[in-house]
Amino acid sequence: MLKQTLQQKLLQKLSPQQIQFIKLLQVPTVSLDARIKEELEENPALEDASLTNMSEPVEDYPDRDPDDNFEMEERSTDEEFSVEEYIQEEDFNDYSSSYSGDDEDDRKEIPVAIQDSFYENLRNQLDLLALSDKLYQIGLQIIGSLDDDGYLRRPIYSLIDDLAFSQNVIAEEDEVLEVLQIVQEFDPAGVGARDLQECLLIQLRKKDGSNPITQKAIIVIEKYLEEFIKKHYDKIEKQLGVDSVELRDIFSEILKLNPKPGDAGTVAGKQLHVIPDFHISNNDGVLHLTLNGRNAPELRVSRSYQEMFAHYEKAEKNDKKMKDAVQFVKQKLDSAKWFIDAIKQRQQTLLKTMNAIMEYQYDYFLKGDDRLLKPMILKDIAERIEMDISTVSRVANSKYVQTEFGTFLLKSFFSEAIQTDSGEEVSNKEVKKILEECIANEDKRKPLADEKLTDILKEKGYSIARRTVAKYREAMNIPVARLRKEL
């Protein structure tokens with residue numbers, strides 16, 4: 001039996017312009033240039049004013065309140081409109097996004113080190129060997145199968161299958177193992193290993209084999225790797241028949257090895273330099289906030305498209321082709337205006353959010369002491385700038401600020417509150433700092449357990465559960481006491 005019902009729903013939808021702003025807000029400074037270049041290539045009505053010779057000065061477009069929503073909506077292609085009315089509606093000559101909020105130095109290109117990648121380095125070493133075509137193809141397959149750490153995690157039979165299906169090379173297991181052994185002789189030492197144990201052994205066997213310390217280090221990795229990882233020193237000392245001094249030398253030899261040999265060759269593929277979005281300077285106790293110039297590109301609406309639009313005003317308006325042409329130009333002009341407006345709103349939102357964070361944590365930014373950080377959550381900043389929490393979150397999760405004592409992700413300034421025995425609320429950052437100092441100054445032969453750290457904090461007036469101490473320790477990537485033990 002069919003039944004017809006009527007249901008009401010209240011939906012909140014974002015306009016295309018709001019979506020564009022949200023996406024731009026999340027883009028880090030280092031990627032903004034690429035995003036703008038992409039828009040410039042797609043929309044001929046948008047121009048980079050810094051690259052265009054202008055016959056007359058372009059005034060700044062009146063600032064929009066960052067809280068305002070975009071209200072410009074694209075008209076339907078079927079809607080009748082007057083070109084004359086449209087031109088009067090917006091003065092394109094006054095529409096640009098020029099901004100002088102920071103030093104010119106921020107616009108300079110950052111030099112990039114040019115070097116061979118990890119895989120190129122291995123391939124270059126392979127090219128120097130006199131191998132048959134078949135073994136050379138196997139070598140390329142092995143190198144291409146290494147992960148970022150330099151390990152060969154894939155089973156040998158998978159490499160054999162790949163060679164057969166993709167390279168039409170029929171290889172036997174012993175042939176693959178033969179070439180793998182050759183690759184394992186390449187630099188960096190340890191590359192091509194199938195697990196941690198093999199990686200360390202490859203590196204040790206490249207050292208002086210007559211050295212008794214190296215010999216015993218090989219025995220430790222071959223037979224007592226698990227005990228070494230868990231730092232069961234007494235057991236290893238007993239099994240090897242050595243004293244604590246000699247055991248320390250053996251462990252020192254092992255600790256010099258690289259457990260991730262691929263890391264040394266992938267530096268070029270990783271971000272070596274964080275480009276800050278903001279800069280805070282201290283001028284005799286007064287903080288000054290500036291926005292990186294890369295966040296404020298000089299964009300404008302194309303003058304030729306404005307003139308084209310004015311030309312169409314004088315043309316026959318009833319002609320369908322002319323209507324289509326006018327609609328196309330109008331769409332490109334609208335798109336250019338929306339993009340410029342989104343960039344301006346992005347600038348203002350970034351500054352407004354960062355300024356609120358700076359004012360909230362003023363004492364911290366003056367001295368750089370983590371203990372001066374106040375408890376602060378996203379809601380605190382959102383209420384101050386009268387924006388949604390999600391907007392603050394997008395800024396905090398992807399933007400960096402450069403200070404006189406380092407460059408930091410904005411997210412790191414947010415923390416929960418902890419109440420002391422005196423009733424005062426402090427940031428959990430302060431507690432983490434104390435924990436870090438206690439562990440740094442502990443006797444490494446008898447490291448402090450979580451229970452002892454909890455007692456120390458209680459003596460200092462912080463009544464925190466042991467599980468909370470463990471959570472903070474893990475958040476700082478500090479291992480348990482047993483794994484911090486040293487000889």
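A salt bridge is a side-chain nitrogen of Lys or Arg within 4 Å of a carboxyl oxygen of Asp or Glu. E227 and K235 form one, with their closest N and O atoms 3.3 Å apart. The model here is predicted, so local features need pLDDT of at least 70 and side-chain atom pairs count only at pLDDT 80 or more, while totals for chains, interfaces and linings use all residues. Residues are numbered from 1 along each chain as its sequence is written, and side-chain values use heavy atoms, with hydrogens and water left out.

**The chain as a whole**

The protein chain has 21 helices and eight strands. Both are DSSP runs, numbered from the N terminus: helices are H or I with at least four residues, strands are E with at least two. Of the chain's 487 residues, 41% count as buried. Buried means under 20% relative accessible area, exposed means over 50%, and partly exposed lies in between (1.4 Å probe, protein chains only). The accessible surface of the chain is about 28200 Å², and 47% of that belongs to carbon and sulfur atoms. Such areas come from the Shrake-Rupley method with a 1.4 Å probe; for residues, only the protein chains shown count as cover.

**Salt bridges**

Side chains of opposite charge can pair when their charged atoms come close. The structure holds 19 salt bridges. The table gives three of them.

| Pair | N to O distance |
|---|---|
| K134 and E175 | 3.0 Å |
| E227 and K235 | 3.3 Å |
| E383 and K379 | 4.0 Å |

K134 and E175 meet in a salt bridge. This pair links distant parts of the chain: K134 is in helix α5 (residues 133-145) and E175 is in helix α7 (residues 173-183), 41 residues apart. K134 is partly exposed, at 30% relative accessible area. In the second pair, E227 is buried at 14%, whereas K235 is partly exposed at 43%. E383 and K379 both lie in helix α16 (residues 378-385), four residues apart, or about one turn of the helix. There E383 is exposed at 52%, and K379 is partly exposed at 45%. Elsewhere, salt bridges that share partners join D147, D149 and R153 into one network. The charged end of R153 also sits over the ring of Y151, 4.2 Å from its centre. That label needs NZ of Lys or CZ of Arg within 6 Å of the ring centre and within 35 degrees of the ring normal.

**The nonpolar core**

A nonpolar core is a set of buried Ala, Val, Leu, Ile, Met, Phe, Trp, Tyr and Cys residues joined through side-chain atoms within 4.5 Å. The largest has 47 residues; M354, I357, F365, I381, L410 and F413 touch the most other members. Helix α14 (residues 320-360) gives the most to this core, with 14 residues. Apart from it lies another core, of 21 residues, including I156 and L159.

Which residues does F413 contact, leaving aside neighbours within four places in sequence? They are I357, Q361, Y364, F365, L373, M376, V401 and F408. Contact means heavy atoms within 4.5 Å.

**Aromatic rings**

Rings of Phe, Tyr and Trp (its six-membered ring) pair if their centres lie within 6.5 Å; planes under 30 degrees apart are stacked, over 60 edge-to-face, and the rest tilted. The whole structure has nine aromatic pairs. Y364 and F365 are edge-to-face, 5.3 Å centre to centre with 70° between the planes. Y364 is buried at 2%, and F365 is buried at 3%. F405 and F408 are tilted, 6.0 Å centre to centre with 45° between the planes. Y364, F365, F405, F408 and F413 form one aromatic cluster.
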